[in-house]
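Please take a look at the protein shown here.

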Amino acid sequence: MGIQMARKIRFINIVAEEAAGPLNALIKKVLDKIIMPDTTYDIVSIRPAMRETADFKYECFAFHNFSGIVNSVEQAEKEGFDACVVLCFFDPAIRLSLIHI
């Protein structure tokens, strides 16, 4: 049997922390039941983050969302995270993050 190493996973939410409370609580509840004992995780929101669904119709938000995801993935790498999960269906930045990191 190989050596098991601890894992760190960062969940990146595009919704502002104050608005994402119920969603983050649900994610945490599910993860706490299924995550492996040697795995740690955190849930963070990008800045600036979406406050309402109407934000999606503005190109400026799309730009900030894109850069926020890429910046969050870069920061997670610097902090030693092994993986990121972007909690977003509007995620064109994921491909750039994969190429860039």
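In which helix is A25 found? A25 is found in helix α1. Helices here are DSSP runs of H or I with at least four residues, strands are runs of E with at least two, and both are numbered from the N terminus. A25 is partly exposed, with a relative accessible area of 47%. Buried means under 20% relative accessible area, exposed means over 50%, and partly exposed lies in between (1.4 Å probe, protein chains only). The C-alpha atoms of A25 and I43 are separated by 9.8 Å, and the two residues are 18 apart along the chain.

This is a predicted model, in which local features need pLDDT of at least 70, side-chain atom pairs count only at pLDDT 80 or more, and totals for chains, interfaces and linings use all residues. Residues are numbered from 1 along each chain as its sequence is written, and side-chain values use heavy atoms, with hydrogens and water left out.

## Overall layout

The protein chain has three helices and three strands. From the N terminus on, the elements run β-α-β-α-β-α. Of the 101 residues in the chain, 32% are buried. The chain exposes about 6,900 Å², and carbon and sulfur atoms supply 62% of that area. Accessible areas come from the Shrake-Rupley method with a 1.4 Å probe; for residues, only the protein chains shown count as cover.

Contact means heavy atoms within 4.5 Å. Take the contacts between residues at least 6 apart in sequence: 77% of them join residues at least 24 apart.

## Helix α1

Helix α1 covers residues 17-34, and L26 lies in it. A kink of about 40° is centred on L23. The bend at a residue is the angle between axes fitted to the seven residues ending there and the seven starting there.

Which residues in α1 are buried? They include A20, N24, I27 and L31. On the surface, L26, V30 and I34 form a nonpolar patch, with about 290 Å² of accessible area together. Such patches are made of residues with over 30% relative accessible area and no salt bridge; nonpolar side chains (Val, Leu, Ile, Met, Phe, Trp, Tyr) are joined within 5 Å, and like charges within 9 Å.

## The cores

A nonpolar core is a set of buried Ala, Val, Leu, Ile, Met, Phe, Trp, Tyr and Cys residues joined through side-chain atoms within 4.5 Å. The largest one has nine residues: I12, I14, V15, A20, I46, I69, V73, V86 and C88. Strand β1 (7-15) and helix α2 (59-78) are the elements that give two or more residues to this core. The largest share, three residues, comes from β1. A second, separate core has five residues, including I9, F11, I27 and Y41.

L87 is found in strand β3 (residues 83-87). L87 is partly exposed, with a relative accessible area of 25%. Leaving aside neighbours within four places in sequence, L87 is in contact with F11, I12, N13, I14 and I27. The C-alpha atoms of L87 and F11 are separated by 6.8 Å, although the residues are 76 apart along the chain.

## Charged pairs

Side chains of opposite charge can pair when their charged atoms come close. How many salt bridges does a search of the whole structure find? The search finds four. A salt bridge is a side-chain nitrogen of Lys or Arg within 4 Å of a carboxyl oxygen of Asp or Glu. The table gives some of them.

| Salt bridge | N to O distance |
|---|---|
| D38 and R7 | 3.4 Å |
| R10 and D42 | 2.7 Å |
| D32 and K28 | 2.8 Å |

D38 is partly exposed at 24% relative accessible area, and R7 is partly exposed at 28%.

R10 lies in strand β1 and D42 in strand β2, so this pair ties together parts that are 32 residues apart in sequence. R10 is buried, with a relative accessible area of 7%. D42 is partly exposed, at 22%.

D32 and K28 are separated by about one helical turn, because they are four residues apart in helix α1. D32 is partly exposed at 44% relative accessible area, and K28 counts as partly exposed at 42%. Salt bridges that share partners also join R10, D42 and E79 into one network.
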